[in-house]
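Visitor: Can you walk me through this one? I have a few quick questions.

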Amino acid sequence: VLMGYGTGAVMAVPTHDQRDFEFAKQNGLPLKLVIAPPDKLDLKAADMNEAYVEDGVMINSAQFDGLKSPEALDRIGDWLESKKVGKWQVNFKLRDWLVSRQRYWGAPIPVVYCDKCGIVPVPKDQLPVILPTDVKFTGQGGSPLASSRSFIETKCPKCGGNGKRETDTLDTFNCSSWYYLRYTDPKNSQEPFGRDKAKKWMPVDQYIGGIEHAILHLLYSRFFTKVLHDAGWTECDEPFTNLLTQGMVVKDGAKMSKSKGNVVDPDYIIERYGADTARMFILFASPPERELEWSDAGVEGCYRLLGRVWRLISESLEPANKLRGSNDLGNRDVQSQVSLQKVIKKTHQTIKSVTEDVEKFSFNTVIAKLMELVNFLNEHGASKEALDALLLMLSPFAPHIAEELWQQLGNQGSVCRQMWPVYDPALIVESEMTIPVQVNGKLRDTVTLPAGADQETVKNAALGSEKIKSFTSGKEMVKVIFVPGKLLNFVVKG
């Protein structure tokens with residue numbers, strides 16, 4: 001309990017806060033339930049194993065019994081006000097913000113100090129206030145603008161007398177809190193941005209930033225956007241639709257930074273392995289929102305993957321294995337139409353899963369699936385269609401090798417200017433499925449059947465298995481559990 005929180009009243013709710021619940025249980029304090037789950041209104045505090053923290057229905061609450069808890073919150077507040085024992089109040093956690101800085105670089109604060117008129121804002125027709133170019137940077141502290149007489153000395157906009165400009169500049173957060181709106185209309189010399197442009201482009205579809213942005217920059221950006229919305233400058237009141245918070249890079253157990261001296265020299269990595277390998281490893285090592293543990297072994301692994309891609313395509317282009325058409329397979333790798341169909345199906349399945357993962361920013365799983373496709377093509381052979389699709393999916397992650405191999409395959413134009421590959425739903429459907437068969441919950445065999453086989457078909461096939469017979473013969477069949485396409489379990493007794 002924090003005495004400095006809110007009004008300072010000491011509050012504890014053992015049945016509806018897990019920490020309070022555990023404390024009360026440990027110290028034998030009484031528990032009283034005041035919100036019950038909608039489907040369990042007869043719940044007793046003595047029967048609870050953990051606090052109930054969701055919305056529910058009020059109980060043990062006098063005239064508020066039976067109300068849904070969000071509605072009861074409003075009603076209780078109104079009741080307290082009517083009795084003159086309390087009042088509604090909104091507490092804001094946004095702290096005061098010191099927006100000025102004693103430095104040159106930053107937006108000048110448009111204020112003039114006048115002995116007669118006091119503090120006078122610069123009129124709109126005199127904006128923007130431009131930074132001077134005759135500033136002396138002494139390194140002795142204070143604002144560099146104070147060294148520029150041409151900047152400081154001005155006329156009071158109100159009385160026309162002598163005045164002095166403010167020599168502090170605005171913290172750069174002021175600019176970064178609305179830059180995305182300026183991006184919608186960057187060449188506008190008459191106003192910050194056109195309302196029509198902001199209406200067309202805002203809000204930002206996807207914002208990507210570090211964890212340090214979540215507390216300050218994003219909070220200020222929301223504040224600025226809401227102010228501009230209320231002022232009629234933009235129709236959106238939230239600046240960003242989606243947020244991806246990227247993780248830090250860690251090496252030797254510490255965050256990678258120059259101050260710690262644990263930074264990996266990118267020139268060395270690029271010189272030894274190439275830029276594509278560096279990119280691949282960074283994206284493959286962990287999901288983007290998680291910390292990335294730098295590992296030289298991981299870099300080697302990505303380097304070997306790109307080597308397998310190079311050999312796969314280079315060997316496919318050798319005279320004995322020349323790819324003859326968009327769906328023809330080299331004679332060395334694949335001789336049958338059955339194998340060709342497997343390659344086509346695997347390629348389209350990969351396109352589907354990779355596309356879905358890219359849209360979720362799950363780049364590490366994308367690279368894993370591209371590895372799987374490369375291994376499959378090495379084993380079963382490669383068609384022109386499959387190799388083209390592989391390079392198109394690889395190009396955002398390893399653009400240099402993808403571009404070179406794209407040209408080697410005889411394609412026209414740059415790989416980065418091509419359309420993203422699209423899968424054919426008809427080609428990704430499996431014609432067969434392998435069903436695990438359990439006896440009393442333990443895996444005993446598998447059966448392979450046409451996709452979509454019903455329970456009776458799967459059951460009969462399983463009972464025909466000699467392995468399954470050895471565990472079921474002479475025993476009473478208690479139950480058959482079937483999960484379509486996933487599992488068959490015989491529960492037997494005896």
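**Pocket, helices, sheet**

Guide: Let's start with a pocket. The lining of the second largest pocket has 17 nonpolar, six polar and three charged residues. Ala, Val, Leu, Ile, Met, Phe, Trp, Tyr, Cys and Pro count as nonpolar, Asp, Glu, Lys and Arg as charged, and the others, Gly among them, as polar. This is a predicted model: local features need pLDDT of at least 70, side-chain atom pairs count only at pLDDT 80 or more, and totals for chains, interfaces and linings use all residues. Residues are numbered from 1 along each chain as its sequence is written, and side-chain values use heavy atoms, without hydrogens and water.

Visitor: Which residues lie nearest the centre of that pocket?

Guide: A107, L127, P128, W178 and P192, out of 26 lining residues. A pocket is an open set of points on a 1 Å grid over the protein atoms alone, where a 1.4 Å probe fits, with protein on both sides within 12 Å along at least five of seven lines; lining residues have an atom within 4 Å of a point.

Visitor: New topic. How do helix 10 and helix 12 cross, left-handed or right-handed?

Guide: Left-handed: the near helix is turned anticlockwise from the far one by less than a right angle. Helices are DSSP runs (H or I, at least four residues), strands likewise (E, at least two), numbered from the N terminus.

Visitor: What makes the contact?

Guide: Helix 10 gives L305, R308, V309 and L312. Helix 12 gives I367, M371, V374, N375, L377 and N378. Contact means heavy atoms within 4.5 Å.

Visitor: And the open sheet, what order are its strands in?

Guide: 5-4-7-6, with antiparallel pairing. Strands pair if DSSP finds at least two bridges between them. Strands 5 and 6 are the edges.

Visitor: What stands opposite Y113?

Guide: I119, in strand 5.
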